[in-house]
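Here is a short note for a colleague who is opening this structure for the first time. Please read the points with the view beside you.

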Amino acid sequence: GLGFSFVYTHSKMIDDRGGYQDSYNLRAARSISTDDSPEHVVVSAMYALPVGKGKRLGGNWPTALSSIVGNWQLNAIVTVTSGFPLGITAANVAGLYNALERPNIVGDVAAVSNGRSITQWFNTAAFQQPAPFTFGNAGRNLSAIRDDGNKNVDSSLFKEIPWGEARRFELRGEFFNFFNRPQFSAPGTTLGTGSFGIVSAQRNSPRQVQLALKIIF
């Protein structure tokens, strides 16, 4: 009555597409992809409780009692993934008809003294506005700072009620984002703005509960 699966994927994606700081040197935009998410773990499990008619526990119970206590099944899906890398921009002062400008990196971008929070997702002091008519030295995307990854648990509880020889009811309680964990949206990534390094929104939905009755015949 127990089944489970475990899937782990490690990957790395590099490309040179996206906003170009130097339109005359597109290769300079080569970096970790905006869609790069190197770690993916998905674990799913189901457990049919060994209680009720024909099961290890309660096999000889009266039909009414077995119908109430027996035939329960627990299910869960756990998903954990890395966040996507952030691309930081600055005021465009190069004057070369370029689409955008990157800042200069002058420190450790991931070093936040009091720990990462929604009011300071990364080290904003590690970035500096380039001088007029120059390009910044920051890459298009920075693998050291990423938006919030996905850490989610969905679960369900099923109850089967036999009805005759080939028919049965199935009561289903399904819980999405079971632990009600928020997944934050990306922080502000434009140097010099009031939202720089600050998370101001939630990406996922709060816990949702769904109840259903399924008739199988």
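**Notes on the structure**

1. Start with F4. F4 is exposed, with a relative accessible area of 65%. The cut-off for exposed is over 50%, so F4 qualifies. F4 belongs to strand β1, which covers residues 2-10. Keep in mind that this model is predicted.

2. Now look at what surrounds F4 on the surface. A nonpolar patch there is formed by L2, F4, Y47, L74 and L157. Together these residues have about 520 Å² of accessible area.

3. How many bridges join β11 to β12? There are nine, and the two strands run antiparallel. β11 spans residues 167-176. One place to check is R168, whose bridge partner in β12 is I216.

4. R168 also has a side-chain partner. R168 and E160 form a salt bridge, with the closest N and O atoms 2.9 Å apart. Is R168 buried or exposed, or in between? R168 is partly exposed, at a relative accessible area of 29%. E160 is partly exposed as well, with a relative accessible area of 29%.

5. Side chains of opposite charge can pair when their charged atoms come close. The whole structure holds nine salt bridges. In one of them, R203 meets D147 at 3.0 Å, N to O. This pair links distant parts of the chain, 56 residues apart. R203 sits in the loop between β11 and β12. D147 sits in the loop between β9 (142-146) and β10 (150-163).

6. The two ends of that pair can be described by their cover. D147 is buried, with a relative accessible area of 7%. R203 is partly exposed, with a relative accessible area of 37%.

7. Another salt bridge joins E174 and R172, where the closest N and O atoms are 3.4 Å apart. E174 counts as buried, because its relative accessibility is 13% and the cut-off is under 20%. R172 is partly exposed, with a relative accessible area of 22%. Shared partners also make a network of salt bridges, which joins D15, R17, D35 and R140.

8. Turn to the aromatic rings. A pair of aromatic rings is described by the distance of the centres and the angle of the planes. The count comes to six aromatic pairs. Why is the pair of F122 and F127 edge-to-face? Their planes stand at 80 degrees, and the cut-off is over 60, so the pair is edge-to-face. The ring centres are 5.8 Å apart. F122 and F127 are both buried. With F196, they form one aromatic cluster.

9. Last, F178 and F179. These two form an edge-to-face aromatic pair, at 5.1 Å centre to centre and 90 degrees between the planes. F178 counts as partly exposed at 32% relative accessibility. F179 is exposed, with a relative accessible area of 59%.

How values were computed: Residues numbered from 1 in each chain as written. Predicted model: local features only at pLDDT ≥ 70, side-chain atom pairs only at ≥ 80, totals over all residues. Heavy atoms only, no water. Patch = residues over 30% accessible without salt bridge, like charges linked within 9 Å, V, L, I, M, F, W, Y side chains within 5 Å. Areas by Shrake-Rupley, 256 points an atom, 1.4 Å probe, with all protein chains shown as cover. Salt bridge = Lys/Arg side-chain N within 4 Å of Asp/Glu carboxyl O. Helix = DSSP H or I, 4+ residues; strand = E, 2+ residues; numbered from the N terminus. Buried < 20%, exposed > 50% of the residue type's maximum accessible area, 1.4 Å probe, protein only. Pairing = 2+ DSSP bridges. Phe/Tyr/Trp six-rings, centres within 6.5 Å; stacked < 30°, edge-to-face > 60°.
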